[in-house]
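Dear colleague,

Please find below the structure that I am handing over to you, together with its sequence.

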Amino acid sequence: MAKALALNEIRRRCARFVVDWRDEPGDERQQAQSFVRDLLRAFGITGTKAALYEKRAKRSSTGNQGYIDALVPGLCLIEMKSTGKDLAVAERQALDYVDDLPDIEAPRWIITSDFKSFRILDLEAGDGADTEVFMLEELPKSVEALAFLAGYQTRAFGDQKQEAASIKAANIMADLYEALSDSGYDDHDASVFLVRVLFCLYADDSGVWERDLFYEFLERRTAEDGTDLGPQLAFLFQAMNRATDRRQKNIDEIIARFPYVNGGIFAEPAAIPSFDSAMRRLLIRACAFNWSNISPAIFGSLFQAVKSAKARRDLGEHYTTESNILKTIEPLFLDEFRDRFAAATHDTKGLKRLRTELSKLRIMDPACGCGNFLVVAYRELRKLDLAILERLQQLGDTSWQSPTAFFLKEDLPVTLDHLAGIEIEEWPARIASTALHLVDHQANQAMELALGMAPDPLPLDRIETIRVANALRLDWAEVFRPSPQVVIVGNPPFIGQYTKQADQTDDLKAVWGHQYDGYLDYVTGWYKKAVDYFQSSAGGRFAFVSTNSITQGQPVPALFRPILEEGWRIRFAHRTFAWTSEAPDMAHVHCVIVGFDKHEKQPAALYDYETVTSAPTRKPARSISPYLLDAPTFYIQKRSKPLSPLLPVVAYGSKPADGGHLLLDNAGYIAATSDPIARKYVRAFVGASELIRNTGRWCLWLEDLDPDDLARSRFLRERVEACRAWREAQTPTGDAYKLRVTPHLFRPNSKRPLVPYICIPAHFSETRHYATVAHFGPEVIAGNANFTAEDATGYLFALISSSMFLAWQRVVGGRIKSDLRFSATIVWNTFPVPELSDVAHDAIIVAGQSVLDARALRPERSLAQHYNKLAMDPRLIKAHDALDRVVDKAFGPRQTPRTEEERQEVLFKRYAELTEA
């Protein structure tokens, strides 16, 4: 049998089943097993291989042993009662048994029957309409309710149940891989073997061939000790790679029942693995799982991870969620097709034109990995085409149907050869091809359920458009000819400018040529390749997921200027959000998605996030800037001096470079202050932690050291000598070694403030509403994890404590993960403070002092405690609100801005004015 029974054939069989059983008395003891066998046979499940009859199980409510009438492991449990018995009671009894089953055998559906009626319970449907009841005579017209018996599945893609099933499936494959790897089996051959086994397991449960045919082969044709399993599988795989009319006539009877598969899955020669009894049991155990429940997109990512020992331990944390994939493909092209479908819902000609447009679309992922973007895109396009066909059928138009009785692949507007991927590694590329075959089969099943016809799943088409190559060296035109109908999507590698390897830097130089400036992340190579690819085309679209660093700081002009100057525009953008899972030990990767088009007029769209893990909010945009704002295009270039004449230069704090000998911990502080000579050189030292968390730390500040004091104080002498020895032991080309001749001094800092100053941390937490800065006198020494600027009046403190400054910091500054990174050249020197009147200047100072006064009301609190967004003192909030009103007004908008985006619009206007001046 080549595939699951067609629904029309199942209806005919069910009609025969009704005739055979409608006059039977319906006795549970005498007839239950015969009834179940005949029912399963009507749906293509024959013999005893797929169902376990009279399976012994414990009832969870009583602890007593009982018997399940029939169990199809991982699929359904069937409980029979005599005619007239209450099926709700039977259902409760069945659920009692479910709790005792191992996870791998746990069913999704419960079927109960009294010979005259059926009750079907979907355990994954949750509360609500999860039970269906119908009479025996209604079975032929109700076959969809039991279609899962023939391998047809209805799925809510991307839901938690499907994710859980995919994770469980990946763990099973991980166990198989580990067993193969431990046996010394070649890694490449293991990849080939696992993909073949995956296809067979999936085919067993999803109607590609007879249910559990692969399981039957393993049970009946391989020895329990596993010694002949490898050769037997090799022979089976060889047979499936050959058309049935070209096989030997005396081939094994079970192998002869396997169809011709093609598609390249079984074509490549591979070494025969050696198995033992434990490895065979693993494979048999894998057959008990219901593989039709997996999501090819999620499972593909997980399957890719099984070859890493660490990833195997953390399976469930190594996949891209489908919701994240949809964030890319929906605004890039899918939403537009859906809107056109909605607009043409009453127009048969319009619906047919839409199918024609779908047939022209080509999708390429030049960093495809295991193909999850391609899988989800294909699934959604096939789903849309099915909706069009259903609507045409409702409107009475059947002209789309094939003139033959069969629906052929040629009748589909969206086929697998309309998708292409480029992947540098063979293993994920192989998974991508297989995952596309699986989702194609799922799409055909959905079509069969909805329309009663679909293309045959076998033989598979060979996917020639998944290329194993370095995408930054390959000419993409070799994959698809450039045209406006090509859409490029993907999630290229997250590799920053400072973590690139030498060959990756060479890749970028080859792509960017003379435009490469050294600051570009690896992902930017894909943007440049996309622009170059479409040069010979009248247009096109592309969108990539990238780390948010590409829209921050110095790299922005280097990336976006060449793209926008070529006539592209930002069609849509997702501002910063967290891409990876919520696992406790997993660091978030903070991403943006930027999509481009050319010569198109649709309104742009910005997607914003309240927090990096929130759901996005869509907002229409007039024009999206490279900083992902609704604003005209502009670039913030780094500057060596402040743009505004009202700002002084900021500088790094003082760097000890001392090996810990000039800095004092608690014990060192006690020792230093106990020494009457050393005591006068002790100063408070403020690093990043001390600034934010108010932890105590001190240093020996020996700028005005009296040489006689050094001679009189053993403590000072030992500390300075230890610093000298440490510096002398450093690399001769480094700064610390050069300072060995002045071991009593920090690294020279000509900009150290000698008057009251503002202390600015190099990083701000993303979670706080205000910058955590402080005002100190010159007696406090700021470390080099902070920046300083003289601020005798408190004017600078007030400016940087305002929401106006933080709005600028967020949009132009860099980030580490999501934390804001302050910089002198990009953030401070570009901060566009306009010319202020004396009144406005003084009002800002007064408002800033009110913030300091509010902090002083709770002197025991650190800055981290003051600015905990869940526990800010109302008086401090009030002081900041007053400061914001004064600063907002000073920047000159007609209306006082209230939101961060409004403030950013004002700031860019001031920036444009100052740069033009």
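The notes below begin with the chain as a whole and then turn to individual residues and elements.

Please bear in mind throughout that this is a predicted model.

**The chain as a whole**

The chain has 917 residues, and 57% of them count as buried. Its secondary structure consists of 30 helices and 26 strands. Taken along the principal axes, the C-alpha atoms occupy a box of roughly 110 × 65 × 55 Å. Among contacts with a separation of 6 or more, 71% are made by residues 24 or more positions apart. The accessible surface is about 38,700 Å², and carbon and sulfur atoms supply 49% of that area. As for charge, there are 111 positive and 123 negative side chains; the centres of these two sets are 3 Å apart.

**Cysteines**

A search of the whole structure returned zero disulfides. Cys-14 is accordingly in no disulfide, and the nearest cysteine sulfur, which belongs to Cys-76, is 14 Å away. Cys-14 counts as buried, because its relative accessibility is 0%. Cys-370 is likewise in no disulfide: the nearest cysteine sulfur is that of Cys-368, at 8.2 Å. With a relative accessibility of 4%, Cys-370 also counts as buried.

Glu-380 belongs to helix α14, which covers residues 372-394. This glutamate is buried, since its relative accessible area is 6%. Its side chain forms a polar contact of 2.7 Å with the side chain of Arg-379. Beyond the neighbours within four places in sequence, Glu-380 is in contact with Leu-326, Leu-334 and Arg-338.

Helix α17 spans residues 524-533, and nine of its ten residues are buried, so the helix is largely enclosed by the rest of the structure.

Lys-55 is located in strand β1, residues 52-58. Its relative accessibility is 21%, and therefore Lys-55 counts as partly exposed; the cut-off for buried is under 20%. Tyr-67 lies twelve residues from Lys-55 in sequence, and the C-alpha atoms of the two are 5.3 Å apart. Setting aside neighbours within four places, the contacts of Lys-55 are with Gly-66, Tyr-67, Ile-68, Leu-71, Leu-101 and Glu-105.

Gly-490 is found in strand β10, residues 486-490. It counts as buried because its relative accessibility is 0%. Not counting residues up to four places away in sequence, Gly-490 touches Asp-365, Phe-373, Ala-543, Phe-544 and Val-545. Ser-546 is 56 residues from Gly-490 in sequence, with a C-alpha to C-alpha distance of 9.3 Å.

Lys-598 lies in strand β13. This lysine counts as buried, because its relative accessibility is 14%. Its side chain reaches the backbone oxygen of Glu-566 at 3.1 Å. By contrast, Gly-668 is 70 residues from Lys-598 in sequence and 65 Å from it in space, C-alpha to C-alpha.

His-599 is in the loop between β13 (590-598) and β14 (604-608). Its relative accessibility is 62%, and so His-599 counts as exposed. The backbone of His-599 has a positive phi of about 60 degrees, although the residue is not a glycine.

**A further positive phi**

Asn-694 also has a positive phi, near 60 degrees, in a residue other than glycine. Asn-694 lies in the loop between α20 (688-693) and β19 (698-700).

Yours sincerely

Note on methods. Residues are numbered from 1 along each chain as its sequence is written. This is a predicted model: local features need pLDDT of at least 70, side-chain atom pairs count only at pLDDT 80 or more; totals for chains, interfaces and linings use all residues. Side-chain values use heavy atoms; hydrogens and water are left out. Helices (H or I, at least four residues) and strands (E, at least two) are DSSP runs, numbered from the N terminus. Buried means under 20% relative accessible area, exposed over 50%, partly exposed in between (1.4 Å probe, protein chains only). Contact means heavy atoms within 4.5 Å. Accessible areas come from the Shrake-Rupley method with a 1.4 Å probe; for residues, only the protein chains shown count as cover. Lys and Arg count as positive and Asp and Glu as negative; His and the chain ends are not counted. The place of a charge is taken as NZ of Lys, CZ of Arg, CG of Asp or CD of Glu. A polar contact is a pair of N or O atoms within 3.5 Å; within protein, one must be able to donate a hydrogen and the other to accept it, and residues adjacent in sequence count only if both atoms are side-chain atoms. A disulfide is a pair of cysteine sulfur atoms within 2.5 Å.
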